[in-house]
Amino acid sequence: MAANRKFYQDYEELCELMDKSSINYDKAKIAEAYALADKMHGDQRRVSGVPYILHPTSVACIVVDLGMDTDSVVAALLHDVVEDTPVTLAEVEAQFGKDVAHLVDGVTKISKINYTEKEERQAESIRKMLIAMVDDIRVIMIKLADRLHNMRTIDCMHEQKRRDIALETMEVYARIADRLGIKTVKDEMEDLSLQYLDPIAYKDIEDYVNSLKEDRQEFIETISDEIKQKVSETIPGAEVNGRVKSINGIYNKNIVQMRALPEIYDIFAVRVIVESTNDCYNVLGIIHDMFQPITGRFKDYISLPKSNGYRSLHTTVVNKEGIRFEVQIRTREMHMMAEYGIAAHWKYKLGLNDGQNPMDKQIAWIRQMLENQQDSYDPTRLIKDIKTDLSSDEVFVYTPKGKLISLPRGSTVIDVAYAIHSEVGNRMTGAYASHRIVPIDYVVKNGETIEIITGKEGTVGPSRDWLKIVKTSDARNKIRQWFKREKKEENIVLGKAEFEKECRKNGINLDPKDLERMMEPIIKKKNIPNMENFYASISYGGVVLWKLMPRMKEEYQKIIDEREKTSDEDFVVPFAEEPKQPVRSKSGVIIDGMDDMDVKYAKCCTPLPDDDIIAFITKGHGISIHKRNCCNVPIFIEESEDPSRWVTAHWADTVDSYFSTVIDIMAYDRTGLMADLAGQLCNMRINIYNMSSKVLDDGKAIVKFTITVKNKAHLRDIISRLNAVKGVISVSRASKL
């Protein structure tokens with residue numbers, strides 16, 4: 001697929017942007033950086049065939065749009081030179097200075113370390129970026145610009161690659177942009193990601209917004225003129241304009257919160273921008289005099305700013321015709337911060353070393369997140385922390401003394417206790433929510449006053465079960481630290497028992513000396529000093545055993561091979577017993593270390609051959625096979641209720657069975673549609689076990705067929721043929737029977 005050239009900007013366009021900027025750029029230094037990048041990238045081309053140099057120039061343009069300084073633009077031009085050409089970091093430092101070299105290094109991915117897991121490489125690259133970001137916030141600004149341009153030009157990649165990059169962008173980079181308050185970047189990243197993660201919903205919302213645009217635009221212009229005329233009588237100079245909610249923002253309310261599109265009142269909104277905070281509240285009074293405010297739809301983010309620094313007044317009102325709409329009221333400085341977040345400090349020319357601390361406050365969460373990783377030997381936990389801790393969906397609660405605490409939605413009273421102080425959390429025995437006693441796993445609600453009940457110091461401590469309850473990484477880390485500090489001997493005993501159990505389950509049976517020999521390279525790579533620390537870290541959560549198992553099996557096989565080589569010399573490695581070899585079940589699934597088990601396929605995800613699968617040992621019903629990405633498979637197995645019941649499984653080389661699955665078909669409703677679809681399946685000799693249909697209000701129909709297939713390749717062929725039926729819009733595999 002050809003790349004969209006409108007998203008590429010060359011050096012001339014970069015120069016034009018710098019000329020229009022209020023920043024006094026060192027154009028000679030920037031020209032020197034461009035010359036080096038152009039020379040070194042030479043004939044390199046992107047996957048789309050576009051000259052590679054257009055990527056760094058486009059990233060540099062985004063950096064200028066964000067109002068960044070000369071060194072940021074230079075680093076943007078050079079950000080791929082060290083990674084993709086022979087130029088070294090030392091050479092960059094010699095030519096452009098230490099600051100530029102630091103920025104380039106911070107943005108460069110980790111590529112020369114041999115990580116066994118893709119997730120580990122991703123996590124370590126993000127960790128490296130965050131560490132560099134603590135020293136210089138410009139690192140993340142360049143990285144966000146780089147990722148934004150990659151998302152703009154992702155069309156040329158294969159579908160799965162697009163989805164992988166889109167998911168990482170949505171879950172990591174968009175959340176970082178949101179926490180830094182850079183709404184322009186965050187909204188565009190989320191919309192671009194959604195376009196590849198749920199293209200059907202994206203198109204439906206886009207069409208809905210476009211269908212309303214003309215009428216709604218006329219309505220917004222009329223309301224804006226009416227508001228401006230009234231506000232100008234007492235507050236001269238106010239700006240009034242309209243804004244359209246991002247598609248992902250609408251998606252979250254429509255799909256995630258299950259609200260019908262007509263019930264989302266802030267798709268289009270009026271924004272009033274004034275000079276002072278007093279003016280904001282005066283405008284609010286005028287708006288409520290002009291229109292009827294809707295109860296419960298007023299939010300004061302000026303008095304209670306969001307964690308990313310966002311400040312504004314939001315109110316939803318209804319006019320005389322009964323039309324509901326939202327009005328946002330903020331000062332010019334608040335508006336700049338709302339759009340550009342931390343980047344607005346450059347636009348306001350606060351500089352990097354002016355003695356003020358707004359940036360320090362906005363990146364404090366990075367230091368906290370990195371500190372929370374110090375006791376973990378699992379680098380992928382960082383990604384999970386970003387997903388939970390940087391959620392834009394927040395809840396605000398108060399302590400009895402009136403202190404305001406902001407937490408991710410879904411947080412419990414335990415999270416509140418640890419947010420107050422680690423000792424409050426460690427000594428917690430119960431809690432009150434707005435003067436009523438609540439259970440330990442109570443999920444707090446907006447505006448509640450939370451009082452924590454504590455016991456005497458030294459008489460109580462957290463429970464290991466709390467690790468399954470808490471929402472925030474901060475609380476989870478403080479609980480782990482307590483167990484690491486206070487229960488060292490217990491940790492070693494429990495961790496060793498869990499380790500031995502996992503080894504037995506996976507057929508690894510060695511005497512203690514050979515076990516230590518096998519584990520030595522593994523714990524060395526994880527920077528764990530010895531086996532005692534290894535056992536302890538299993539208990540308090542610093543090591544995730546199931547993630548280590550593939551490497552453990554590799555080392556175990558080396559010992560087996562060594563024994564076989566020396567068997568002619570009567571040398572035998574002392575094993576406790578021969579390991580059980582995986583066997584093929586009648587269903588065609590191989591489960592490590594298990595034989596003759598009753599295997600069933602989970603209806604919640606209907607796995608097919610070639611799907612990535614995992615087995616679950618049920619109580620009295622044999623083995624249940626799930627897809628790895630099934631909603632019922634914990635993302636973090638080690639934190640599930642009983643991780644020992646999840647077992648590694650994979651498909652046999654040949655599978656003769658047929659498998660039930662459901663396909664969803666979206667089509668334009670017409671006479672004979674069901675007959676044509678069923679006829680196509682019959683022509684392919686596909687067994688149909690069930691079928692249903694539903695006609696939608698927009699003239700489309702959803703048809704479901706329950707059929708049997710051999711594998712994913714067989715299913716793809718079926719989908720391809722059904723797509724050829726007249727009127728069919730899309731065909732997809734359903735998530736469950």
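Two strands are taken to pair if DSSP finds at least two bridges between them. Helices (H or I, at least four residues) and strands (E, at least two) are DSSP runs, numbered from the N terminus. By these criteria, strand β8 (residues 428-433) and strand β10 (residues 450-454) pair in the antiparallel sense over five bridges. The structure is a predicted model, in which local features need pLDDT of at least 70 and side-chain atom pairs count only at pLDDT 80 or more, while totals for chains, interfaces and linings use all residues. Residues are numbered from 1 along each chain as its sequence is written, and side-chain values use heavy atoms, with hydrogens and water left out.

The protein has 737 residues, and buried residues make up 50% of them. Here buried means under 20% relative accessible area, exposed means over 50%, and partly exposed lies in between (1.4 Å probe, protein chains only). The secondary structure comes to 29 helices and 20 strands. Contact is defined as heavy atoms within 4.5 Å. Among contacts with a separation of 6 or more, 66% are accounted for by residues 24 or more positions apart.

In soluble globular proteins, nonpolar side chains tend to be buried together. A nonpolar core is defined as a set of buried Ala, Val, Leu, Ile, Met, Phe, Trp, Tyr and Cys residues joined through side-chain atoms within 4.5 Å. The largest such core in the model holds 56 residues, of which L14, I30, L78 and L144 touch the most other members. Helix α9 (residues 138-152) gives the most to this core, with eight residues. Leaving aside residues up to four places away in sequence, L78 touches A33, L36, A37, V92, F96, V100 and V104. A second, separate core has 49 residues, including V395, V444, I492 and I560.

L78 also takes part in a helix pair, as one of the α4 residues that meet α2. Axes are lines fitted to C-alpha atoms, for helices over the stretch in contact, and angles run from 0 to 180 degrees between N-to-C directions. Helix α2 (residues 27-41) and helix α4 (residues 70-78) pack with their axes 9 Å apart, at an angle of about 5°. This angle makes α2 roughly parallel to α4. Angles under 35 degrees count as roughly parallel, over 145 as roughly antiparallel, 65 to 115 as roughly perpendicular, and the rest as oblique. On the α2 side, K29, I30, A33, Y34, L36 and A37 meet T70, D71, V73, V74, L77 and L78 of α4.

The crossing of α12 and α14 is right-handed; a crossing is right-handed if the near helix is turned clockwise from the far one by less than a right angle, and left-handed if anticlockwise. Helix α12 contributes E226, I227, K230 and V231 to the contact, and helix α14 contributes V283, I286, I287 and M290.

Helix α11 (residues 183-197) contains K186. This lysine is buried, with a relative accessible area of 16%. Not counting residues up to four places away in sequence, K186 touches A174, A177 and D178.

Strand β8 also pairs with strand β9 (residues 436-438), in the antiparallel sense and over three bridges. Y432 stands opposite E451 in β10, and A433 stands opposite R436 in β9.

S434 is partly exposed, with a relative accessible area of 35%. R685 likewise has a positive phi, of about 60°, although it is not a glycine. R685 lies in the loop between α28 (673-683) and β18 (688-695). R685 counts as exposed, at 79% relative accessibility.
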